[in-house]
Amino acid sequence: MKGKLLFFEILAATILAGVAIYFLNRKQNNFENFALGKNTSSYFASIDKQSIHINKLNQTSLSSLKTGWINRGQKDVIFVLGNSQTHGINQKKKDHTNYAELLFRDFTPDSIEILTHSIQNANLQEHLLSFAYCKEILPIRYLVLPVFMDDLRESGIRKLFFPKLIADNFKLEGQSEIIKKINAEIKVEEVLDTLPNAAREIKEDFASLDQTVQERSELFLNNILDSLSGSWRNRPNLRGQFFVNLYILRNTVFNINAQTERPIIPQRYKENMEALKEILKYSEKSNIKVLLYIPPIRNDVKIPYNLKKYGEFKGELKSLADNYDNVSFKNFEDIVPGSLWGTKEATSFFDKEELDFMHFQYKGHQILSDSLSKSIRSFLR
Amino acid sequence: MIFNSVTFLSFLIVVVFLYWVLKKNYRIWFIFLASLTFYGFWRWEFLSLVLISTIADYLIALELGRTDDSQRTRRKALLISSLLINIGLLAYFKYLYFIVDNINFLYALTGSQGITSIPEIILPLGISFYTFQTISYSVDAYRRHIIPEKNFALYGCYVTFFPQLVAGPILRANEVMDQLRLRPGFKIGFISEGIERILYGFFLKVVLADNIAPLVDEAYNIPVSQLSALDVWSMAFLFGFQIYFDFAGYSHIAIGCAKLMGIDFPENFNFPYAAKSFKSFWKRWHISLSSWIRDYLYLPLAGVKVIDPSKRSLGGLDTSELKNETSKNKKDLSLFLTWAIMGLWHGANWAFVFWGIFHAILVYSERKMKFIRERIKILSFPIIGWGITILLSMIAWIPFRTQSLSETFIMYKKLLSPKMYTFLSLRENIYLVTALLFLGVTISYLLSEYIIPHAKKWAYLITPLNIVKFTVIIILVFTFFRPINQFIYFQF
């Protein structure tokens with residue numbers, strides 16, 4: 001009797017779980033939009049259908065970026081790196097654009113052009129990788145690099161944004177600890193090289209089966225399940241949803257919102273600063289000028305950092321820039337007035353909206369574009 | 001074959017279905033062949049090793065059965081040959097690098113060149129587990145605790161039965177041989193109870209352990225010089241939970257798979273972090289190993305004759321039987337030696353030996369301080385015992401996870417420095433997850449021990465609550481099911 005009842009319970013649960021998974025899968029999430037919030041939109045500009053601003057360093061976007069650059073006469077390049085502040089526009093209207101495109105248009109008459117790569121929550125290790133790779137394929141003469149205190153809390157290389165580098169088995173030159181760490185993270189196993197992209201993603205899920213007979217059967221069976229069941233195929237989306245909900249739950253329980261102070265994580269801070277030093281060393285070696293700047297932050301309310309630490313961070317950046325003749329330092333933290341910043345939907349269950357400290361409106365992009373343009377031009381002279 | 005894979009699930013469904021469809025006489029051969037197939041999915045070339053160990057002990061045990069007590073020398077020679085084969089295989093495949101490294105270290109002290117050429121060796125999956133099982137079989141036959149099995153397939157099933165082949169529980173012949181011989185008829189309860197245990201196991205492994213793993217990796221990748229004492233505590237607890245969920249998950253799945261075929265395995269875990277003493281901890285953690293060590297290593301080393309095999313130990317290095325039988329010094333020496341070997345069993349590295357000695361010190365201190373606890377009443381409060389046990393058993397895990405013993409010592413030193421308690425170096429989520437897991441494990445223990453057994457008044461709620469529980473588990477297991485990480489104990 002006990003066994004039968006248990007069987008019934010498991011059977012009923014299986015049916016309920018099946019229905020729940022079906023409905024959960026109907027909701028397709030764009031996790032980038034979740035991070036940006038509904039009021040902010042991503043925008044990556046193209047000119048004559050060729051990208052001037054890209055997000056992922058994959059075959060398609062890199063080839064589009066390069067084709068456009070060739071078509072426009074292969075000018076020298078000012079390479080702009082950024083995070084979602086670069087590609088996100090708060091309350092975007094149809095004709096609104098971001099500072100990456102504004103700068104591009106501003107410099108169009110010149111003998112140099114602006115190309116941009118921005119990744120949401122980009123850390124300086126990712127910037128280092130992007131810069132080191134792009135300077136090999138484009139004649140970069142100037143680098144524009146914002147350093148967000150917030151992004152120093154991030155670490156590691158998200159392979160999702162660097163598929164072309166991984167496929168090319170790209171390696172950073174140098175022997176520092178941070179370079180070794182990044183090279184280890186983007187290391188490609190030989191077996192992976194032989195697989196098509198989709199299979200490669202699945203293979204990463206099978207890390208524990210490496211070089212066993214089971215690896216082949218697992219790949220084969222998963223391909224069958226993928227082709228038979230949308231729910232199975234969509235499991236990465238379910239995993240994403242799960243973690244987003246956990247994040248919201250955490251924020252709700254601990255009353256965390258955008259204004260909550262974000263402490264420095266010492267190891268990550270140190271690794272990112274090491275990566276920044278490597279960027280500056282690379283640029284010096286390659287004779288590339290760098291504009292290093294503190295990006296705008298909403299200043300009509302208390303910022304979500306410890307003010308003493310934030311001051312130290314700015315000082316550290318300035319003294320680092322002072323060590324290099326090819327590096328200019330600017331502080332743009334106050335240039336965008338509070339009214340041009342937006343809000344985003346709250347990341348907790350009960351609040352509706354919270355302040356957005358990262359993304360501003362089109363007018364903010366215009367202000368930043370003007371300031372950057374002036375600084376770049378004065379630096380170019 | 002790794003459990004958390006589609007390959008294994010497909011294999012399991014086919015095997016369980018055919019097992020019940022086949023005639024009873026064919027089932028044993030079928031399980032034996034299925035178990036070899038299961039192992040071959042890892043590396044078929046290592047099947048020969050499993051078979052060498054299996055066949056050797058089968059023949060030795062049969063021969064032991066044929067000899068009588070007057071042939072003591074022959075019986076001893078047979079037992080020694082079994083130990084030599086099993087321990088020899090283990091020593092070569094698991095400990096050769098370790099032995100050579102240490103020999104080379106000694107050579108280096110004398111300024112001479114050491115051994116430079118050693119073959120490349122792959123550690124065969126599960127070798128520590130199945131060799132212990134075959135050793136126990138020969139020893140039991142020698143002690144006449146069992147009658148050696150003549151049916152090779154039946155004996156082969158005992159050694160290679162796939163649910164326990166690669167990471168236990170380490171079974172004794174008297175725990176499963178009769179079940180395999182009798183092979184009970186089909187009951188729906190076998191299937192439902194088996195699935196229930198498998199679901200719990202997958203939940204612990206793919207939902208908890210595999211999602212804790214990146215946090216553990218992140219924390220242990222930080223240079224130790226940057227860590228605070230609170231970081232060290234968090235890392236110790238976090239890894240303690242990871243290894244517990246990982247291994248307990250494996251054991252649940254193993255027990256569940258055997259149950260699907262009507263075979264009962266002994267439990268391997270029983271809320272170890274609820275233990276109120278170190279002795280109790282080892283009666284709750286990896287029970288099959290600690291009881292094996294006790295019966296086949298500790299008691300013989302302490303000079304105690306194991307008399308009653310039917311009363312299987314519940315695990316732990318209990319010494320109550322040793323009173324008046326052995327000298328105090330021998331008992332203490334055996335304790336430390338046993339624990340050092342227990343450590344070495346986990347891995348060919350001094351860090352594991354250190355871990356073993358650490359536990360020996362804890363058990364030894366607990367024994368020696370018994371009189372203090374009796375005099376100072378507050379120390380006898382269960383909560384005090386629990387607090388001390390969980391704190392020390394968690395920090396004992398540190399050498400399991402760090403890169404070197406020197407890192408371990410630096411981390412321990414931080415725990416003793418008040419200055420090291422004034423800052424934090426990890427991401428906030430790591431502390432949060434650690435705290436939540438601590439809370440979750442404590443609440444589940446309290447629920448299962450004190451609330452559920454006494455909640456008869458609400459019996460009508462059990463079925464709906466079970467359905468909700470299983471629904472959540474199935475959704476989460478479905479979402480996270482992938483062989484992204486091996487079971488930690490596979491490396492032992």
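**View 1. Strand β8 of chain A and its parallel neighbours.** Five bridges link β8(A) to strand β9 (residues 289–294) of chain A in the parallel sense; strands are DSSP runs of E of at least two residues and helices runs of H or I of at least four, numbered from the N terminus, and two strands pair if DSSP finds at least two bridges between them. In this pairing, P146(A) lies opposite Y293(A) of β9(A). Strand β5 (residues 76–82) of chain A also runs parallel to β8(A), joined by four bridges, with I78(A) opposite Y142(A). Of the seven residues of β8(A) (140–146), five are buried, that is, with 20 or more other C-beta atoms within 10 Å of their own, C-beta atoms being placed from the backbone.

The model is predicted: local features need pLDDT of at least 70 and side-chain atom pairs pLDDT 80 or more, while totals for chains, interfaces and linings use all residues. Residues are numbered from 1 along each chain as its sequence is written, and chains are lettered from A and ligands numbered from 1 in the order in which they are written.

**View 2. The contact between chains A and B.** Chain A contributes 36 residues and chain B 39, where contact requires C-beta atoms, placed from the backbone, within 7 Å. On the side of chain A, α1 (2–26), α11 (213–228), α13 (235–253) and α14 (266–285) each give two or more residues. The largest share, 15 residues, comes from α1(A).

**View 3. The two domains of chain B.** Domain 1 spans 6–183 and domain 2 spans 190–491, with bounds from an automatic or database domain assignment. Their centres, taken over C-alpha atoms, are 26 Å apart.

Technical notes: A residue is buried if 20 or more other C-beta atoms lie within 10 Å of its own, exposed if 12 or fewer, and partly exposed in between; C-beta atoms are placed from the backbone. Two residues are in contact if their C-beta atoms, placed from the backbone, lie within 7 Å.
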